[in-house]
Amino acid sequence: QVQLVESGGGLVQAGGSLRLSCAASGRTDSRNGMGWFRQAPGKEREFVAGISWSGGTTNYADSVKGRFTISRDNAKNTVYLQMNSLKPEDTAVYYCAADKTGRYYSRYVSRRIGDYGSWGQGTQVTVSS
């Protein structure tokens, strides 16, 4: 079982930046794609960004495209989410998760929440206006 721990959240003004990290431990497996999701109060958890096992393919929600960048360092078992030009509507708890479908070494990046597992505890991001 892999354990994922998110960090880097905090309070930032609109237009600011944050960099989230997701560190994996335990039975880590760099063959899988990884994803970032977020959940705002009263809303369903939604896809934010995903990255293939090699980092060669990325996928973003339309709402964050051009502002957020996902990356990974397999040597460090860590996935990152660089968030720029933050908006109040980006306020949410951010979670990382691993693709659990067994699509090893795939260039495909899923946006489906049901394809992910090993969820971390989340990190709060609050953007003030």
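## The disulfide

Searching the whole structure turns up one disulfide (a pair of cysteine sulfur atoms within 2.5 Å). This is a predicted model, where local features need pLDDT of at least 70 and side-chain atom pairs count only at pLDDT 80 or more, while totals for chains, interfaces and linings use all residues. Residues are numbered from 1 along each chain as its sequence is written, and side-chain values use heavy atoms, with hydrogens and water left out.

The bond runs from Cys22 to Cys96, with the sulfurs 1.9 Å apart. Cys22 sits in strand β3 and Cys96 in strand β9 (residues 92-99), so the link ties together parts that lie 74 residues apart in sequence. Strands here are DSSP runs of E, at least two residues long, numbered from the N terminus. The S-S torsion of Cys22 and Cys96 is about 60 degrees, so this disulfide is right-handed. Both Cys22 and Cys96 are buried; buried means under 20% relative accessible area, exposed means over 50%, and partly exposed is in between (1.4 Å probe, protein chains only).

## The four-stranded sheet

Cys22's strand, β3, belongs to an open, antiparallel sheet of four strands, ordered β1-β3-β8-β7. Two strands pair if DSSP finds at least two bridges between them. β1 (2-7) and β7 (68-73) are the edges, each pairing on one side only. On average, neighbouring strands of this sheet are turned by 15 degrees against each other, direction ignored; the axes are lines fitted to C-alpha atoms, and angles run from 0 to 180 degrees between N-to-C directions.

Ala23 has Thr78 as its bridge partner in β8. β8 also pairs with β7, again antiparallel and over six bridges, and there Ser71 stands opposite Tyr80. The β7-β8 hairpin has four residues between the strands, and Asn77 takes a positive phi near 50 degrees. As for the faces of β7, Phe68, Ile70 and Arg72 make up the covered one, with Thr69, Ser71 and Asp73 on the uncovered one.

Gln1 belongs to the segment before β1 and counts as exposed at 62% relative accessibility. Leaving out residues up to four places away in sequence, Gln1 touches Ser25, Gly26, Arg27 and Ser118, where contact means heavy atoms within 4.5 Å. Gln1 and Gly26 are 25 residues apart in sequence, and their C-alpha atoms are 6.2 Å apart.

## Rings and charges

There are five aromatic pairs. Rings of Phe, Tyr and Trp (its six-membered ring) pair if their centres lie within 6.5 Å; planes under 30 degrees apart count as stacked, over 60 as edge-to-face and the rest as tilted. Phe37 and Phe47 have ring centres 5.6 Å apart and planes at 80 degrees, so they are edge-to-face. Phe37 is buried at 0% relative accessible area, and Phe47 is buried at 10%. Trp53 and Tyr105 are also edge-to-face, at 4.9 Å centre to centre and 85 degrees between planes. Here Trp53 is partly exposed at 28%, while Tyr105 is exposed at 52%.

Ring pairs also link Phe37, Phe47, Tyr95, Tyr116 and Trp119 into a cluster. Arg45 lies over the face of Tyr95, 3.7 Å from the ring centre, and the charged end of Arg19 sits over the ring of Tyr80, 4.0 Å from its centre. A charge sits over a ring if NZ of Lys or CZ of Arg is within 6 Å of the ring centre and within 35 degrees of the ring normal.
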